[in-house]
Amino acid sequence: MIRFDIFTVLPEVMSAYLDASILGRAQESGRILVEVHNIRDYAADRHRTTDDEPYGGGGGMIMKPEPVFTAVESVLTDKLQSTPIVLLTPQGRVFSHSIAQEMASHAHIALLCGRYEGVDERIRDHLATDEISIGDYVLTGGELPALVLIDAVSRLVPGVLGDAFASKQDSHAVGLLEHPHYTRPPEYRGWVVPPVLRSGDHAQVDLWRKKQSLLRTQARRPDLLGNANLSEEDQRLLTEALQEQGGKTDE
Ligand code: ADE
């Protein structure tokens with residue numbers, strides 16, 4: 001079981017996603033626990049202010065340190081030293097499958113969602129223990145990134161996905177993109193499902209999938225093949241698949 005504490009000024013946007021489908025069931029079955037905390041509840045002034053103008057001028061508002069420190073310290077109490085406190089920010093290390101695995105090894109994670117133009121640097125320096133970005137683009141806040149992180153980490157928790165095998169087979173878990181999938185009907189608008197998938201020959205199906213996975217990765221994400229540490233067998237399969245494919249491209 002992993003516990004996530006989310007600190008945000010927009011608590012109301014989190015629950016629709018967290019309570020639905022797989023994450024909803026993961027919460028019901030006690031495999032994950034998600035607590036959402038409103039930073040405004042920890043602001044000391046009458047207006048419950050959580051942002052202020054930047055020293056030195058310039059546009060935009062900055063998240064004040066006091067309500068954030070108070071919120072995190074009040075919730076984590078004696079767990080403050082032992083819990084990773086992750087600030088979601090475009091300046092963080094870029095999230096990946098391996099970072100999700102690293103996070104999944106913790107029993108408890110605190111997630112700080114930045115808003116406005118940024119957070120007071122003292123939050124970075126003296127509260128956050130890690131900074132994560134979900135990619136090189138800028139969102140209006142850290143709420144979606146926190147949901148992305150919780151989603152990716154939760155599906156690695158044993159029992160969260162119905163099929164224990166499923167997350168091990170994923171793209172990225174194996175360092176390759178996934179092969180194509182098909183379901184019924186066998187023909188739709190004249191587009192047919194590859195016959196091998198309906199042949200009942202499991203060895204051939206596995207071979208086809210592996211080759212598709214290799215071809216697709218080569219075509220779309222050749223950078224991943226460098227990290228995939230292809231076995232000699234996979235190298236051979238990729239060469240064979242490329243030959244079979246002839247001049248055709250992936251799509
Ligand atoms: N906050 C705003 N943009 C972000 C991003 N790309 N990743 C994480 N947090 C963010």
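**A loop, a sheet and two helices**

Q: Where is glutamine 81?
A: Glutamine 81 is in the loop between α3 (65–76) and β5 (85–94). Helices (H or I, at least four residues) and strands (E, at least two) are DSSP runs, numbered from the N terminus. This is a predicted model, where local features need pLDDT of at least 70, side-chain atom pairs count only at pLDDT 80 or more, and totals for chains, interfaces and linings use all residues. Residues are numbered from 1 along each chain as its sequence is written, and side-chain values use heavy atoms, with hydrogens and water left out.

Q: Is glutamine 81 buried or exposed?
A: Glutamine 81 counts as exposed because its relative accessibility is 76%; the cut-off for exposed is over 50% relative accessible area (1.4 Å probe, protein chains only).

Q: New topic: what is the strand order in the open sheet?
A: The five strands run β2-β1-β6-β5-β8, with parallel pairing; two strands pair if DSSP finds at least two bridges between them.

Q: And which are the edge strands?
A: They are β2 (32–38) and β8 (130–133), each pairing on one side only.

Q: How many bridges join β1 and β2?
A: Seven bridges link β1 (residues 2–8) to β2 in the parallel sense. Isoleucine 2 stands opposite isoleucine 32 in β2.

Q: Over to the helices: how do α8 and α10 cross?
A: The axes of α8 (residues 202–220) and α10 (residues 232–245) come within 9 Å and cross at roughly 80°. Axes are lines fitted to C-alpha atoms, for helices over the stretch in contact (heavy atoms within 4.5 Å), and angles run from 0 to 180 degrees between N-to-C directions. The two helices are therefore roughly perpendicular to each other, a term for angles of 65 to 115 degrees.

How values were computed: Angles under 35 degrees count as roughly parallel, over 145 as roughly antiparallel, 65 to 115 as roughly perpendicular and the rest as oblique. Buried means under 20% relative accessible area, exposed over 50%, partly exposed in between (1.4 Å probe, protein chains only).
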